[in-house]
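The sequence and structure are shown first, and a short account of selected residues follows.

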Amino acid sequence: MKLILLGAPGAGKGTQAEVICQKNNIPTISTGNILREALKSGTEMGLKAKTYMESGKLVPDEILIGIIKDRLSQDDCKNGFILDGFPRTIPQAEALDTMGVEIDAVLDIEVADEDIVTRMSGRRVCEKCGSSYHVLYKQPSVEGKCDICGGTLVQRKDDHPDTVKERLEVYHTQTEPLKEFYSKQGKLLVVHGQEKVEDTIRLVLEALEDLT
Ligand code: AP5
Ligand code: ZN
């Protein structure tokens with residue numbers, strides 16, 4: 001399965017990607033995680049991305065297209081993959097087409113802007129593996145520790161309410177046009193994110209049933 005996850009920041013793309021990836025045994029490629037990793041290890045790419053990310057802006061297309069080209073050429077992507085956070089602009093989507101990547105479906109997770117701001121303030125992420133938790137909606141079994149790798153859970157810098165508002169604006173202007181782009185290709189599946197993570201998971205798996 002070659003799947004794109006689309007949705008506002010905090011819509012739950014990373015959370016759903018974890019479930020789909022385990023069920024189908026395919027890798028998740030999260031451009032946000034790749035960039036955060038690069039930032040942490042202080043690479044040239046990470047340094048370039050830093051100011052964009054921390055202010056909630058998009059990192060330039062050419063950097064992201066380079067990352068994806070490189071990642072999709074690796075062996076573990078042969079049997080499918082989930083793209084979480086890419087494409088985020090029309091030029092990025094066109095670049096995928098130019099690379100000859102045939103996507104099976106684009107799953108759009110819809111959540112209202114008001115709910116996004118609340119969600120983001122309660123999100124905690126594992127500093128080691130990037131898994132996502134929530135102080136109310138998705139608590140780890142041991143407080144402050146990741147269930148998957150035992151890493152420490154921290155708050156992301158760009159989850160500050162002002163930055164979240166900027167990210168939402170960027171989403172509506174630059175990323176949302178992708179819905180029409182993929183709808184025209186007959187690939188768009190829409191799921192409404194529910195209040196409970198488990199309920200959204202059920203709807204997502206139902207929407208993907210015909211693809212697996
Ligand atoms: P990225 O990391 O991709 O951020 P994002 O798209 O803003 O998405 P998030 O990771 O914030 O949210 P999510 O939808 O994965 O939600 P999650 O599952 O964690 O990108 C960060 C930055 O990198 C960008 O701003 C940009 O600068 C740069 N970048 C990345 N890709 C780029 C690209 N292609 N081009 C240019 N720049 C790029 O869930 C959120 C919270 O809600 C969690 O706490 C979760 O537990 C909780 N939750 C999830 N589902 C539910 C539910 N149903 N009910 C209640 N709570 C829920
Ligand atoms: Zn972890």
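In this predicted model, Cys 149 is placed in the loop between strand 6 (132–134) and strand 7 (153–154). With 12 C-beta neighbours inside 10 Å, Cys 149 is classed as exposed, because a count of 12 or fewer falls in that class. Leaving aside residues up to four places away in sequence, Cys 149 touches Cys 126, Lys 128 and Cys 129.

Cys 126, one of those contacts, belongs to strand 5 (residues 123–126). Is Cys 126 buried or exposed? Cys 126 counts as buried, since 20 C-beta neighbours lie inside 10 Å. Its contacts, again without residues up to four places away in sequence, are Ser 131, Cys 146, Cys 149, Gly 151 and Leu 153.

The UniProt record, in an unreviewed entry, gives the feature "binding site" at Cys 126, Cys 129, Cys 146 and Cys 149. These residues span 24 residues in sequence, yet no two of their C-alpha atoms are more than 8.5 Å apart, so they gather at one spot.

Two backbone features are also noted. Phe 86 and Pro 87 are joined by a cis peptide bond, with omega about -5°; Pro 87 lies in the loop between strand 3 (81–84) and helix 5 (90–98). Asn 25, a residue other than glycine, has a positive phi near 55°. Asn 25 sits in the loop between helix 1 (13–24) and strand 2 (28–30).

| Residue | C-beta neighbours inside 10 Å | Class |
|---|---|---|
| Cys 126 | 20 neighbours | buried |
| Cys 149 | 12 neighbours | exposed |
| Asn 25 | 10 neighbours | exposed |

Conventions:
Residues are numbered from 1 along each chain as its sequence is written. Chains are lettered from A and ligands numbered from 1 in the order in which they are written. This is a predicted model: local features need pLDDT of at least 70, side-chain atom pairs count only at pLDDT 80 or more; totals for chains, interfaces and linings use all residues. UniProt positions are given in the numbering used here, feature names are shortened, and annotations may be inferred rather than shown by experiment. Helices (H or I, at least four residues) and strands (E, at least two) are DSSP runs, numbered from the N terminus. Two residues are in contact if their C-beta atoms, placed from the backbone, lie within 7 Å.
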